[in-house]
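Me: I've got a model here that I'd like to go through with you. Can you take my questions one at a time?

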2 protein chains.
Amino acid sequence: MARKTGSHSDITGPRIRAEAQRLFARHGFAAVSMRQIAAAVGVQAGALYLYTADKESLLVDLLKGHMDDLLAAWAAQPRGGGALARLERFVRFHIRFHLDRAEVVFLSYMELRNLGPENFAQIEALRRSYENELEAILKAGQAEGVFALPDTKLATLAIIAMLTGVNTWFREGGRLSRDTVEEIYWDMARKAVAA
Amino acid sequence: MARKTGSHSDITGPRIRAEAQRLFARHGFAAVSMRQIAAAVGVQAGALYLYTADKESLLVDLLKGHMDDLLAAWAAQPRGGGALARLERFVRFHIRFHLDRAEVVFLSYMELRNLGPENFAQIEALRRSYENELEAILKAGQAEGVFALPDTKLATLAIIAMLTGVNTWFREGGRLSRDTVEEIYWDMARKAVAA
DNA sequence: GTCTATATCGGGATAGAC
DNA sequence: GTCTATCCCGATATAGAC
């Protein structure tokens, strides 16, 4: 189904990003060629350069867009309550948000190496902002006396690693539903930080 | 420092694997060329093929060797005691072993995609064996009544993800020593599974 | 906006001299 | 066992026609 001549600038751009995300996640950034992406979209390789400066920009746009979405979605969550309630909200939010975006999450963890230093630093800063959201909750819990943690930064990284790990094995329609998984992980996270 | 003509079959093979591991971990399997590896070793590209059938074999040998080492090292650990003592041993062993081999651990998580189906299956089977070691401990703890887990398989994956996550941020000479990190993670893991 | 064609480069792997 | 030379292929990116 090769695309014939015509004007499609409004839909070709998003389709390029979508196919790039799919292919990068499946085969790895370095293993995917611009020709492959173009073929998946249904245009010729040269046409891609109307929408992206180069291959790395394609990746950066995906990763930055993902981090922006993540921070915006978290900012839109309810904010009140005690540390325990806030932690529960974070755990459930994190699992749901990341399971819904498995491809780009995978990219965010695997393909940072393929970024230039300035792009890398930018993504890292966004990630640190997100980590700080969780650490603030853990610190609040320390102050309230409901959590007992020797090091809130380590606990932050440990919990995020544990939660994001769901993405590596969860399969839709498998043995466990999302809700069940959410429940089980919340149980473990809660106990891990408890006083 | 290009290597001059001579016989070095006994040391060139290991050096090729060592440089391949370093380069694959740093830049990604797909992004590293055989010429780069050869240059790092100090031989010409053609000479690599005296030691490896192709590029993928180089990767497979590294990953399989790592998994064999991991299972052998765990098998050599003391085995007795209650579930809590065994879990503590596993947690400390896992963190130490993985921190000592950051490069190949990184490869084991990132580059499985670059393996053919049969090689992939082989590595996956080894990984599952290792996971089963932890799950057996968790099941024993359930039976003893010292752990309370809705799903031992999930808890296995959650704990391993949490522990392996140390590799993504730990830097030698940083704020925390290995022993401190081990201690903090053991504290969280212990509480996460506790009855 | 998309196409075909191409410039330029570097990849994996092999052949044959030494 | 290593070297040089090379085959063949596919990569990114650009130029210019339509």
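Me: How many residues does the contact take from chain A and from chain B?

Reply: A quick note before the count: this is a predicted model, where local features need pLDDT of at least 70, side-chain atom pairs count only at pLDDT 80 or more, and totals for chains, interfaces and linings use all residues. Residues are numbered from 1 along each chain as its sequence is written, while chains are lettered from A and ligands numbered from 1 in the order in which they are written. Two residues are in contact if their C-beta atoms, placed from the backbone, lie within 7 Å. On that basis the contact takes 23 residues from chain A and 23 residues from chain B.

Me: Which elements give two or more residues to the side of chain A that touches chain B?

Reply: By class, that side divides into 16 nonpolar, three polar and four charged residues. Here Ala, Val, Leu, Ile, Met, Phe, Trp, Tyr, Cys and Pro count as nonpolar, Asp, Glu, Lys and Arg as charged, and the others, Gly among them, as polar. Helices are DSSP runs (H or I, at least four residues; strands are E, at least two), numbered from the N terminus. The elements asked for are α7 and α9 of chain A.

Me: Which residues touch the most other members of the largest nonpolar core?

Reply: A nonpolar core is a set of buried Ala, Val, Leu, Ile, Met, Phe, Trp, Tyr and Cys residues joined through C-beta atoms within 7 Å. Buried means 20 or more other C-beta atoms within 10 Å of a residue's own, exposed means 12 or fewer, and partly exposed is in between, with C-beta atoms placed from the backbone. Out of 52 residues in this core, the ones you want are A:A158, A:M162, A:Y185, B:A158, B:M162 and B:Y185.

Me: What does A:Y185 touch in chain B?

Reply: Leaving out residues up to four places away in sequence, A:Y185 touches A:V91, A:I95, A:L163 and A:V166 in chain A. Its partner in chain B is B:A158.

Me: How many Å separate the centres of domain 1 and domain 2 of chain A?

Reply: The bounds, from an automatic or database domain assignment, are 1–52 for domain 1 and 56–193 for domain 2. Their contact takes nine residues from domain 1 and eleven residues from domain 2 of chain A. Taken over C-alpha atoms, the centres are separated by 30 Å.

Me: Is A:R101 buried or partly exposed?

Reply: A:R101 is found in the loop between α4 and α5 (102–110) of chain A. Because A:R101 has 17 C-beta neighbours inside 10 Å, it counts as partly exposed.

Me: How many helices does chain A have?

Reply: Read along the sequence, chain A follows the pattern α-α-α-α-α-α-α-α-α. The tally is zero strands and nine helices.
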